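Here are my notes on the model you sent over. Have a look at the picture first, then go through the points in order.

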Amino acid sequence: MNAASQLPLVQVRDLHVRFGAKEVVRGVNFDIAAGEKLALVGESGSGKTITALSLLGLAGDAAVQGSALFQGRDLLRLTERELRGVRGGDIAMVFQEPMTALNPLMTVGRQISEVLELKQALTQAQSWQAAIELIASTGIPEPARRAAAFPHQLSGGQRQRAMIAMALASRPALLLADEPTTALDVTLRGQILGLLADLQRQTGMAVLLITHDLNLVRRFADRVAVMEQGALVEQGPVADVFGQPAHAYTRRLMASKPRRDVQEDAANPNAPPVLQAQALRVVYPTPLPGVRGWFRKGEFVALQGADLRLQPGRTLGVVGESGSGKSTLAQALLGLLPYQGNVEVAGRRWQAPAARNSQANQALRRQIQVVFQDPFSSLSPRLTVEEIVGEGLRVHEPGLPPAELRQRVQAALAEVGLDETQFPGLLARYPHEFSGGQRQRLAVARALIVQPQLLVLDEPTSALDVTIQQQVLALLQRLQRERGLAYVLITHDVDVVRAMAHEVLVMKDGVIVESGSATQVLNAPREGYTQALVAAAQ
Amino acid sequence: MRTASSSPSPSLSPSRRAWLRFKRNRLGYWSLVVFVVLVAVSLCAELVSNDRPLVVRYEGQLYFPMVKDYPETTFGGDFLTPTDYLDPFIREKLAEGSNWALFTLNPYGPNTLNYFAKMPNPSAPTRDNWLGTDDRGRDLAAQLLYGFRVSVLFALALTVTGVLLGVVTGAIQGFFGGKTDLAFQRFIEIWGSMPELYLLIIFSAVFAPSIALLLILLSLFGWMGLSDYVRAEFLRNRQLDYVKAARALGVGNWQIIWRHILPNSLTPVVTFLPFRMSAAILALTSLDFLGLGVPPGTPSLGELLSQGKNSIDAWWISLSTFAVLVTTLLLLTFMGDALRDALDPRKADQ
């Protein structure tokens with residue numbers, strides 16, 4: 001396909017981007033032929049997004065050097081006025097988060113027709129019609145009705161489709177797609193990517209796909225370029241690069257699929273369960289419309305009839321898409337939410353109300369701890385490492401002398417692989433000095449210091465880069481083997497479940513639709529929903 | 001490890017880093033320095049501008065008129081009344097032979113009436129009265145110095161009480177949410193719709209005017225704006241993961257508020273501090289200007305402004321008062337700007 005045209009559509013030469021003294025893109029060269037699908041892959045902070053943004057002059061106050069020839073013009077030399085003609089014209093962009101990229105106060109049809117009026121000089125009536133056709137072409141049902149909807153009235157997948165319709169409005173020669181599927185659920189990702197591929201075939205535009213997800217690249221792109229810390233380390237046809245990665249970093253990236261390294265057989269199948277729940281049900285109050293809502297609250301059932309059982313040293317994977325009730329389940333198990341039904345941690349129930357810190361509940365809290373998804377919001381930015389990790393001891397063993405407290409904190413940190421030799425003055429540091437993976441280690445240390453039997457891991461690796469993800473999972477596997485910890489692992493990532501779980505629950509709309517051993521559920525899923533989830537992750 | 005090596009001094013707390021960013025803003029930093037110096041000078045106003053000398057040596061004996069009243073007879077006068085050190089006769093006596101007196105930089109207090117002035121009142125700036133006098137013959141420089149002190153101290157007190165009330169109420173609403181929040185919000189709406197100025201007028205008619213009364217009245221209405229910001233911060237922060245993690249560890253409510261949420265919710269409070277100060281100074285000045293403020297005899301910028309308005313020919317009164325006010329408010333605004341930038345999470349460290 002890339003042999004079709006002699007002169008490439010885009011020719012980027014020696015691109016440098018600098019923020020102050022910090023160089024984030026260092027001498028990048030690549031071409032995109034007309035109608036070609038190029039994928040730019042790399043971890044967060046590798047400079048892939050800023051490379052794309054700098055082509056459109058959207059890199060903010062960064063200093064950009066080099067050249068980027070597009071249809072005979074150097075994009076980096078254009079004036080702001082000329083660039084405005086290019087943006088949303090010959091080059092369009094699709095962003096990661098459609099909710100923030102669409103104007104919440106305008107209907108999607110209006111936002112698309114605005115582009116048409118600007119770029120194709122259509123009248124309002126014509127542009128509205130054209131907008132509806134574009135929306136229809138992205139596969140949104142009832143396009144005429146949806147055009148009059150506001151972004152918040154559409155589902156996540158529909159919003160992303162509307163974004164794509166908007167980008168296509170100007171019939172671009174090049175589409176920059178920045179992580180277009182990352183914010184979507186797994187089953188939707190495949191659909192959106194398929195849509196992009198279809199539209200690309202129909203219109204013959206070139207696509208620059210920016211992503212960290214190698215599965216997407218394999219399925220979508222013709223060629224791939226790999227970035228590491230601002231430099232392009234390898235590029236070539238997808239089959240070549242993926243088949244025989246030449247650069248060490250590419251090989252590392254390829255090998256970063258989570259590995260399974262857990263004890264397969266339960267040490268004692270008859271051991272009493274460390275966690276069990278029967279008929280667990282959680283409802284949230286929601287406002288009722290109209291006068292009725294003044295006196296009563298409606299009910300939203302977030303979790304319905306959940307049964308589960310977990311033995312020491314085992315991992316229960318809970319899979320489901322956003323809104324399926326996974327996190328509600330986690331909070332109910334942790335005794336942070338009022339619930340109906342029965343939850344037993346280490347053979348004892350939460351004393352109602354579960355959120356109250358009664359003495360009985362405090363004893364249970366030592367047994368069950370939690371690690372959250374976002375390592376940036378799960379550590380208070382104004383406490384030192386010692387204060388964060390030592391908090392549990394201060395609550396549960398208030399009389400502890402400071403010297404011993406410090407010693408226990410250091411021991412917990414050493415166990416998760418953080419010590420003074422790596423980080424001089426570790427205990428007095430603040431979270432902002434650590435990377436995402438290191439922060440996740442801190443969060444694990446905070447949970448471990450009270451010596452729980454059970455950890456609830458709420459998407460523990462979703463916010464991390466693939467290579468870091470691998471390290472954190474290895475840490476969790478090692479801790480399980482050494483301490484016999486039981487995990488409730490909540491995730492939407494089937495690969496992670498495959499690597500970690502002994503048993504699996506699949507959740508949809510607050511109900512457990514399938515459960516069983518990991519091999520059975522993941523290799524021979526019974527329910528259609530589970531099959532879709534597993535297939536999407538291939 | 002990459003992060004560790006890239007930051008030169010590793011263990012700076014977030015507030016320390018904000019302070020360093022504040023210092024890098026030269027306008028804001030120097031405004032703070034100048035403001036602190038001005039406040040420090042005004043706090044020692046008695047040593048700078050006073051109608052009594054600091055030390056007197058009269059016929060071999062040392063006297064300290066600042067701390068003790070001496071009758072005129074002590075220095076060779078005729079009466080038993082307290083000495084008027086501006087009296088040319090006394091001055092002469094104190095300069096005789098080996099006698100001497102060490103006067104302050106500006107030999108007038110805020111309420112000193114100079115019965116021996118060479119010019120009619122109000123007097124334009126002269127060598128005796130650098131900024132002139134007001135219509136009662138009081139020295140303007142002294143009045144400005146003392147008036148500035150009253151304004152700043154009042155503003156500081158008002159800001160502190162307002163911040164305390166605002167943070168406490170905002171924290172309670174935001175943290176507990178639900179019905180507590182609902183009740184407080186309705187209360188704030190009702191309270192906020194009370195006509196503040198009329199209440200001030202009524203109260204100043206009923207009670208004897210005093211700074212304490214003014215402070216209480218203004219505090220009663222000054223906390224609501226801040227409380228809304230703190231409430232919003234608490235609502236946002238209480239559902240962050242680190243708070244959930246603390247709950248899962250069994251940390252109690254008050255500990256969570258105090259250790260986890262409060263320190264992370266103070267950014268708007270700190271950012272508003274200088275602006276609240278300048279608003280408080282302005283409020284006091286306007287009330288004084290209207291005659292609803294501090295009791296008569298208290299040096300006050302607002303009272304000077306209204307004098308300036310009444311005797312428009314005495315340009316030095318309005319001009320110098322205006323200059324003091326503008327300088328104060330500008331300094332505070334510059335500080336506020338710098339502080340806002342320093343606490344802006346989007347701003348980089350370098």
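1. Helix α6(B) crosses α13(B) in a right-handed way; a crossing is right-handed if the near helix is turned clockwise from the far one by less than a right angle, and left-handed if anticlockwise. Helices here are DSSP runs (H or I, at least four residues), strands are E runs of at least two, and both are numbered from the N terminus. By class, this contact has eleven nonpolar, four polar and one charged residues. Nonpolar covers Ala, Val, Leu, Ile, Met, Phe, Trp, Tyr, Cys and Pro, charged covers Asp, Glu, Lys and Arg, and the others, Gly among them, count as polar.

2. Before going on, remember that this is a predicted model, where local features need pLDDT of at least 70, side-chain atom pairs count only at pLDDT 80 or more, and totals for chains, interfaces and linings use all residues. Residues are numbered from 1 along each chain as its sequence is written, while chains are lettered from A and ligands numbered from 1 in the order in which they are written.

3. Back to that helix pair. Two packed helices are described by the angle between their axes and the distance between the axes. For α6 (residues 140-176) and α13 (residues 267-290) of chain B, the angle is about 130° and the axes are 8 Å apart. Axes are lines fitted to C-alpha atoms, for helices over the stretch in contact, and angles run from 0 to 180 degrees between N-to-C directions. So α6(B) and α13(B) are oblique to each other: under 35 degrees is roughly parallel, over 145 roughly antiparallel, 65 to 115 roughly perpendicular, and the rest oblique.

4. Which residues meet there? From α6(B) they include B:F154, B:L158 and B:V163, and from α13(B) they include B:L273, B:M277 and B:I281. Contact means that the C-beta atoms of two residues, placed from the backbone, lie within 7 Å.

5. Now try α2 (residues 14-24) of chain B with α15(B): their angle is about 135° and their axes are 8 Å apart. This crossing is right-handed, and the two helices are therefore oblique. B:A18, B:R21 and B:F22 of α2(B) meet B:A338, B:L339, B:D341, B:A342 and B:L343 of α15(B). Those residues split into six nonpolar, no polar and two charged.

6. Buried means 20 or more other C-beta atoms within 10 Å of a residue's own, exposed means 12 or fewer, and partly exposed lies in between, with C-beta atoms placed from the backbone.

7. How do the chains touch? 25 residues of chain B are in contact with 31 residues of chain A. On the chain B side, α1 (2-6), α11 (241-248) and α12 (253-265) each supply at least two residues, and α11(B) gives the most, with seven.

8. Chain B has 15 helices and three strands, and 38% of its 350 residues are buried. Chain A has 21 helices and 20 strands.
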